[in-house]
Amino acid sequence: MKFVDYYAVLGISPDADDKAVKVAYKKLARKYHPDVSKEPQAEDRFKEIGEAYEVIHNKEERAKYDVLRRNQQNRAQQQANYGSNYGSSQNHYQQGDPQTDQEFSDFVNSMFGGAGGFNHGGQSRAGGARAQKGQDVEIEFPVFLEETLVDTVKPIEFMLPQRDSSGRVSEVKKSLKVKIPAGSVNGERIRLKGQGGLGSANGPNGDLYLQIRLVPHPLFDVDGHNLNIVVPLAPWEAALGTKINLPTLAGKIQLTIPANSQSGQRLRIKGKGLMSKKAKGDLFAVIKIVNPASSDDVSKKLWQELAEKAHFDPRSNWSKS
């Protein structure tokens with residue numbers, strides 16, 4: 001697996017803080033979300049962005065990744081210096097560094113499933129005559145929020161350890177189609193009996209455990225089985241009330257914004273959240289009043305007239321404290 005610069009994928013600097021990482025991810029995820037994007041290869045790009053975010057927004061995994069990234073940069077620099085000295089290094093770096101790429105492959109597997117994610121609970125013994133169960137395997141399984149609304153069948157590919165007759169261990173790729181039950185939640189485990197490591201001496205195969213990991217959505221924040229979405233409103237929309245097309249996981253609905261709405265006010269849309277085993281969560285539209293970034297002379301005049309006629313002081317309570 002070739003090394004990928006996750007910072008470049010997200011378009012941020014390596015010293016970007018958590019807020020910058022989240023802002024960059026949301027911006028790109030909104031642009032390339034397969035449900036709305038018209039960009040070429042949007043789904044592949046969306047997955048790449050999601051993978052980068054999963055690593056960079058996690059402090060522990062980001063620290064591991066930064067070590068790999070520095071190693072990769074150092075080796076690339078060494079190769080460049082070597083080529084400069086001997087005049088024969090053209091595009092050495094572009095061919096990738098096998099050692100670093102292998103480290104990166106191991107790192108990604110540990111994050112998203114594969115060799116690094118193996119649970120070594122089931123021991124096998126080379127050449128042993130006693131039947132023994134194969135290794136249980138546990139991997140994270142990314143699932144989009146939309147995929148939890150109904151029963152969904154998804155393909156999955158992962159690597160399994162396999163021991164030959166001489167006891168040498170290698171890995172084989174395995175492909176399955178897995179049913180994700182409606183209402184699956186973050187951290188939930190799905191057991192697939194017999195789909196783990198191969199048993200030895202006629203022992204049973206181990207089991208495969210998929211740990212559901214909900215992929216962050218560019219528009220919705222998850223709160224249990226409820227969802228929150230920020231709804232930007234112009235000041236006049238908040239003051240006069242309006243109707244807007246509000247996105248939900250199952251398509252757009254029309255939402256009535258009442259007059260005199262306030263920033264931070266939450267409007268509940270019943271039954272438009274995530275599925276649960278018993279019922280369905282709600283969607284909360286959180287109002288955020290946004291002023292125009294600039295105003296022309298006519299607009300300024302109208303704002304001035306409003307200020308003079310409204311007699312409104314949003315800080316009037318300060319005098320009572």
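A search of the whole structure, which is a predicted model, finds 15 salt bridges, a salt bridge being a side-chain nitrogen of Lys or Arg within 4 Å of a carboxyl oxygen of Asp or Glu. Residues are numbered from 1 along each chain as its sequence is written, and side-chain values use heavy atoms, with hydrogens and water left out. In this predicted model, local features need pLDDT of at least 70 and side-chain atom pairs count only at pLDDT 80 or more, while totals for chains, interfaces and linings use all residues.

**Salt bridges**

- Lysine 26 forms a salt bridge with aspartate 221, with 3.2 Å between the closest N and O atoms. This pair links distant parts of the chain, since lysine 26 belongs to helix α2 (residues 18-32) and aspartate 221 to strand β6 (residues 221-223), 195 residues apart; helices (H or I, at least four residues) and strands (E, at least two) are DSSP runs, numbered from the N terminus.
- Lysine 26 is buried at a relative accessible area of 19%, whereas aspartate 221 is partly exposed at 30%; buried means under 20% relative accessible area, exposed over 50%, and partly exposed in between (1.4 Å probe, protein chains only).
- Arginine 213 and glutamate 54 form a salt bridge whose closest N and O atoms are 3.1 Å apart. The pair links strand β5 (residues 208-214), which holds arginine 213, with helix α3, which holds glutamate 54, 159 residues apart, and both residues are buried.
- Lys133, Asp136, Arg191 and Asp207 are linked in a network of salt bridges.

**Aromatic pairs**

- The rings of tyrosine 7 and tyrosine 65 have centres 6.0 Å apart and planes at 55°, so the pair is tilted; rings of Phe, Tyr and Trp (its six-membered ring) pair if their centres lie within 6.5 Å, with planes under 30 degrees apart counted as stacked, over 60 as edge-to-face and the rest as tilted.
- Tyrosine 7 is buried with a relative accessible area of 1%, and tyrosine 65 is buried with 0%.
- Ring pairs join Tyr7 and Tyr65 with Phe3 and Tyr6 into a cluster.

**Charges over rings**

- The charged end of arginine 189 sits over the ring of tyrosine 209, 4.4 Å from its centre, where the criterion is NZ of Lys or CZ of Arg within 6 Å of the ring centre and within 35 degrees of the ring normal.
- Arginine 45 lies over the face of tyrosine 32, at 5.0 Å from the ring centre.
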